[in-house]
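Let's take a friendly walk through a protein model together. Keep the sequence and the 3D view at hand as you read.

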Protein chains: 2
Amino acid sequence: MSRYWSEIIKNIEPYTPGEQPGDKEYIKLNTNENPYPPSPKVLEAIKRAADEKLRLYPDPNCEELRTTIARYYGLKTEQVFVGNGSDELLAFSFLAFFNPGKPILFPDITYSFYEVYSALFNIEYKLIPLDDEFSIPVDMFLADNGGIIIPNPNAPTAKYLPVESIQEILKCNTDRVVIIDEAYIDFGGDSAVGLIQEFPNLLILQTLSKSRSLAGLRVGLTLGQEDLIEGLNRVKNSFNSYTIDRIAIAGAVEAFNDYAYFQEVRAKVISTRERVAISLSEMGFKVLPSKANFIFVSHPTYHASILFEKLRERGILVRYFNKPRIDNFLRVSIGSDEEMNRFLDVMRELTAIK
Amino acid sequence: MSRYWSEIIKNIEPYTPGEQPGDKEYIKLNTNENPYPPSPKVLEAIKRAADEKLRLYPDPNCEELRTTIARYYGLKTEQVFVGNGSDELLAFSFLAFFNPGKPILFPDITYSFYEVYSALFNIEYKLIPLDDEFSIPVDMFLADNGGIIIPNPNAPTAKYLPVESIQEILKCNTDRVVIIDEAYIDFGGDSAVGLIQEFPNLLILQTLSKSRSLAGLRVGLTLGQEDLIEGLNRVKNSFNSYTIDRIAIAGAVEAFNDYAYFQEVRAKVISTRERVAISLSEMGFKVLPSKANFIFVSHPTYHASILFEKLRERGILVRYFNKPRIDNFLRVSIGSDEEMNRFLDVMRELTAIK
């Protein structure tokens with residue numbers, strides 16, 4: 001604690017990202033990264049962009065990237081905003097659409113950064129408890145509120161909410177913004193993007209970090225009607241005019257252009273996930289149905305905190321949250337087939353009847 | 001105006017960056033970019049970093065880059081923080097060190113983004129008028145306040161404040177943070193970095209956008225004692241865990257390693273600036289003494305707004321601020337010798353006695 005810190009940061013509990021240890025080589029199943037490299041065309045585009053133009057500022061409006069994404073989704077360029085990863089987009093969205101005084105709603109078990117943004121920007125919130133199966137209770141998002149944020153699929157549960165349920169929430173909340181955080185949507189769920197023209201209160205967030213294997217490049221996007229996008233622009237232009245560098249813009253454009261590669265990679269991740277889920281179920285694990293690039297699992301006999309430590313000792317990192325209701329679960333990112341075979345072997349060993 | 005916007009963004013006036021027109025090729029002297037390309041070693045490092053590791057998140061703590069910068073300045077790694085350009089660092093600093101209720105101080109003529117941050121984060125401020133020669137009136141920064149921010153050299157005046165004056169301000173403000181924004185320090189001024197060990201209230205901001213020709217890469221840095229840096233970390237980890245991508249980290253490290261190239265480029269810019277200042281003085285312009293990569297000039301006969309338009313018609317972009325006290329000045333970035341020769345030719349033509 002320093003006497004120079006503002007009142008806000010004295011009292012805040014920052015987010016803790018998954019560890020990136022440097023002590024030895026781990027099988028990293030702890031930060032939901034994609035096991036496959038980015039498209040070779042993305043890497044080529046980045047190399048081409050490494051030229052003398054780096055002396056110039058990037059396009060502050062990222063026109064080329066926004067137009068590329070708009071075309072991909074059948075939207076207008078003015079319905080697309082891009083930022084430095086979906087975390088920055090979340091921060092901007094909290095500033096742009098939520099006010100102190102009227103609580104926003106989000107699930108009790110969800111991306112823990114939402115609580116941090118609320119604290120940073122002095123936004124009250126009310127946690128909506130997931131039901132016993134860790135599903136989103138749609139009814140509870142129909143009460144009066146100052147805004148809503150729901151990840152779909154949810155994290156860390158991996159559970160997916162059908163678009164019809166989102167539509168129901170949108171219909172009952174026409175006066176406030178409903179943010180659907182689709183960071184993991186490309187792994188089997190349907191995006192709510194088709195609802196944008198009908199619902200001026202819908203803002204969708206996505207990222208290139210997961211399905212497009214570009215966590216290291218820091219690009220995310222939001223989709224919504226023009227005045228929501230304009231609201232985000234007002235925040236950006238009051239914060240940092242240029243949040244995406246020239247290199248990242250070039251790489252991100254190519255990531256959307258190389259559709260075939262994207263399809264191939266996400267199909268591989270989905271296929272591995274299904275196989276791993278079956279194997280873990282056979283070992284006695286409860287595996288929540290996943291539409292993400294990770295699974296959320298619990299064993300009736302072996303406690304998650306013990307499994308977490310033992311996996312780590314054997315060179316495998318997963319994520320463990322010591323929080324109510326989920327403190328006997330592990331979040332396991334889907335790695336390559338080779339990595340997951342090793343993971344399954346270790347899990348078999350750890351849960352074998354002695 | 002949208003019913004979905006928060007109260008803050010409804011009432012904010014965002015910053016307007018210098019234009020990046022696409023209609024034709026301009027001589028761009030309007031955004032203080034460096035006319036020389038980045039070091040070839042930077043471009044090589046970026047190409048090397050365009051590999052499959054982009055699927056992984058960057059190091060959230062940017063250890064390698066911070067250690068490189070610390071070594072360069074003779075500081076500890078824990079005394080260095082890095083971010084997505086100095087604008088992001090300014091935004092984080094406002095959140096980390098300034099509180100609502102007690103006004104912060106900055107000059108009346110300065111980087112206009114400071115007022116925008118104040119509005120965004122609800123921080124009151126008091127403008128300290130520059131004196132008649134556009135110098136910082138040190139005495140007026142000794143009164144009670146909630147924090148101070150001073151660019152050195154100042155923008156858009158280009159005027160430099162000696163380190164002794166900064167020391168005086170630091171001594172009288174031991175209970176609050178004094179931010180010295182050194183975006184332009186490498187063009188002839190002395191950094192206040194040598195004061196860090198003595199003053200726990202000093203935070204220095206710098207950027208790679210200007211002297212290191214990397215506006216397109218988005219990297220800035222702050223230097224200060226450990227608990228100020230920790231304060232910035234608390235904000236970052238409550239906002240976006242990874243603000244600098246893998247590529248930008250790799251390029252920025254090399255920018256600090258290639259000291260010879262950096263020296264060569266800044267010497268060229270300084271030399272061109274001095275020559276251009278003399279030529280403009282000979283045409284009757286008032287040229288404020290500059291330690292930046294731009295000059296701030298005014299003509300007794302030809303109004304700045306007219307010159308601005310006529311330069312634009314002739315394919316030369318400079319910056320004009322229609323604001324009290326400076327509405328008869330132009331801010332002119334220092335371009336290459338060739339660009340500045342063309343600029344001087346046009347200026348001679350525009351100010352020739354008919």
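## The overall picture

First, a word on what you are looking at: this is a predicted model. Chain A contains eleven helices and twelve strands. Its radius of gyration is 20 Å, close to the 20 Å that the globule rule gives for 354 residues, so chain A is as compact as a globular protein of that length. If you draw a box around its C-alpha atoms along the principal axes, the box is roughly 60 × 50 × 50 Å.

How much of chain A is buried? Of its 354 residues, 64% count as buried. Now look at contacts between residues at least 6 apart in sequence: in chain A, 72% of them join residues at least 24 apart.

## Surface and charge

Chain A exposes about 12800 Å², and carbon and sulfur atoms supply 49% of that area. As for charge, chain A carries 39 positive and 48 negative side chains. The centres of these two sets lie 3 Å apart.

## A helix wrapped in neighbours

Find helix H8 of chain A, residues 246-257. At 1.5 Å a residue, its twelve residues should span 16 Å, and its end C-alpha atoms are 17 Å apart, which agrees. For a helix in general, there are 3.6 residues a turn, so residues three or four places apart point the same way.

Is H8(A) largely enclosed or largely open? Nine of its twelve residues are buried, so H8(A) is largely enclosed by the rest of the structure. Among the buried ones are Ile247(A), Ile249(A), Val253(A), Glu254(A) and Phe256(A). Which elements do the buried residues of H8(A) pack against? In chain A, the partners are helix H2 (40-49), helix H3 (63-73), strand E8 (220-224) and helix H9 (259-282). Chain B joins in too, with its helix H2 (40-49) and helix H8 (246-257).

## A loop with two cis bonds

Next, move to the loop between strand E5 (148-151) and helix H6 (163-171) of chain A, where Pro153(A) has its place. The peptide bond leading from Asn152(A) to Pro153(A) is cis, with omega near -5°. Pro156(A) sits in the loop between E5 and H6 as well, and the bond from Ala155(A) to Pro156(A) is cis, with omega near 5°.

Ala158(A) also lies in the loop between E5 and H6 of chain A. Its phi is positive, about 75°, although Ala158(A) is not a glycine. Is Ala158(A) buried or exposed? Its relative accessibility is 0%, so Ala158(A) counts as buried.

You will find Cys62(B) in the loop between H2 and helix H3 (63-73) of chain B. Because its relative accessibility is 7%, Cys62(B) counts as buried.

## Two threonines in chain A

Thr77(A) lies in the loop between H3 and strand E2 (80-83) of chain A. At 14% relative accessibility it is buried, since the cut-off is under 20%. Leaving aside neighbours within four places in sequence, Thr77(A) is in contact with Glu63(A), Arg66(A), Thr67(A) and Ala70(A).

Thr222(A) is part of strand E8 of chain A, and at 0% relative accessibility it counts as buried. Not counting residues up to four places away in sequence, Thr222(A) touches several residues, including Val80(A), Phe81(A), Leu205(A) and Ile229(A).

## Two loop residues in chain B

Lys102(B) has its place in the loop between helix H4 (85-97) and strand E3 (104-107) of chain B. With a relative accessible area of 38%, Lys102(B) is partly exposed. Lys102(B) and Asp144(B) are 42 residues apart in sequence, and their C-alpha atoms are 9.1 Å apart in space. Asp144(B) is one of the contacts of Lys102(B), as are Glu124(B), Asn145(B) and Gly146(B).

Leu208(B) lies in the loop between strand E7 (202-207) and strand E8 (220-224) of chain B. It is buried, with a relative accessible area of 1%. Val219(B) is eleven residues away from Leu208(B) along the chain, and 5.8 Å separates their C-alpha atoms. Leu208(B) touches Val219(B), and its other contacts include Leu214(B), Leu221(B), Ala252(B) and Phe256(B).

Notes:
Residues numbered from 1 in each chain as written. Chains lettered and ligands numbered in written order. Predicted model: local features only at pLDDT ≥ 70, side-chain atom pairs only at ≥ 80, totals over all residues. Heavy atoms only, no water. Helix = DSSP H or I, 4+ residues; strand = E, 2+ residues; numbered from the N terminus. Rg over C-alpha atoms; globule rule 2.2 N^0.38 Å. Buried < 20%, exposed > 50% of the residue type's maximum accessible area, 1.4 Å probe, protein only. Contact = heavy atoms within 4.5 Å. Areas by Shrake-Rupley, 256 points an atom, 1.4 Å probe, with all protein chains shown as cover. Lys, Arg positive; Asp, Glu negative; His and termini not counted. Charge placed at Lys NZ, Arg CZ, Asp CG, Glu CD. Expected span 1.5 Å × (residues − 1).
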